[in-house]
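This briefing goes through one protein chain by topic, from model confidence and overall fold to individual residues and their surroundings. Please keep the sequence and the structure in view while reading.

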Amino acid sequence: MNSPDTCLLTELIESHLADNQRTELVTHFAGCDRCTSQLALALKLREQGEAQQSAASSTTAT
Ligand SMILES: [Zn+2]
């Protein structure tokens, strides 16, 4: 099975995928180091983005 592209990883993180698609991807990740590292990186970047957003919104709130 080929590795899904980064776009699909993003879809997975954003939960835009149907349950069966998500299950298929998660199963693939379990056996694919490349996707696992890409997913970890994508999640890390997303967390950083959210941290910046919440920091910005708390600044404007106060
Ligand atoms: Zn893969």
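Helices are taken here as DSSP runs of H or I with at least four residues, and they are numbered from the N terminus. By that assignment, Arg 46 belongs to helix α3. The model is a predicted one, and the mean pLDDT of its protein chain is 80, with 82% of the residues at 70 or more.

**Confidence and overall fold**

- The protein chain contains three helices and zero strands, which follow one another along the sequence in the pattern α-α-α.
- Among these elements, the lowest mean pLDDT, 69, belongs to helix α1, which covers residues 6-13, whereas the highest, 84, belongs to helix α2, which covers residues 19-30.
- Of the 62 residues in the protein chain, 6% are buried.

**Leu 39 and its surroundings**

- Leu 39 lies in helix α3, the element that spans residues 33-61.
- Leu 39 is classed as buried because it has 20 C-beta neighbours inside 10 Å, and the cut-off for a buried residue is 20 or more.
- When residues up to four places away in sequence are not counted, Leu 39 touches Leu 9 and Phe 29.

**Phe 29 and its surroundings**

- Phe 29 is part of helix α2, and this residue also counts as buried, because 20 other C-beta atoms lie within 10 Å.
- With neighbours within four places in sequence left aside, the contacts of Phe 29 are Cys 35, Thr 36 and Leu 39, so that the contact between Phe 29 and Leu 39 can be read from either residue, given that a contact is defined by C-beta atoms that lie within 7 Å.
- Phe 29 and Leu 9 are 20 residues apart along the chain, and their C-alpha atoms are separated by 9.9 Å.

**Arg 46 and its surroundings**

- Is Arg 46 buried or partly exposed? Arg 46 counts as partly exposed, because it has 13 C-beta neighbours inside 10 Å, and the partly exposed class lies between the exposed limit of 12 or fewer and the buried limit of 20 or more.
- Arg 46 and Thr 10 are 36 residues apart along the chain, and the distance between their C-alpha atoms is 9.4 Å.

Notes
Residues numbered from 1 in each chain as written. Predicted model: local features only at pLDDT ≥ 70, side-chain atom pairs only at ≥ 80, totals over all residues. pLDDT = per-residue confidence, 0-100. Helix = DSSP H or I, 4+ residues; strand = E, 2+ residues; numbered from the N terminus. Contact = placed C-beta atoms within 7 Å.
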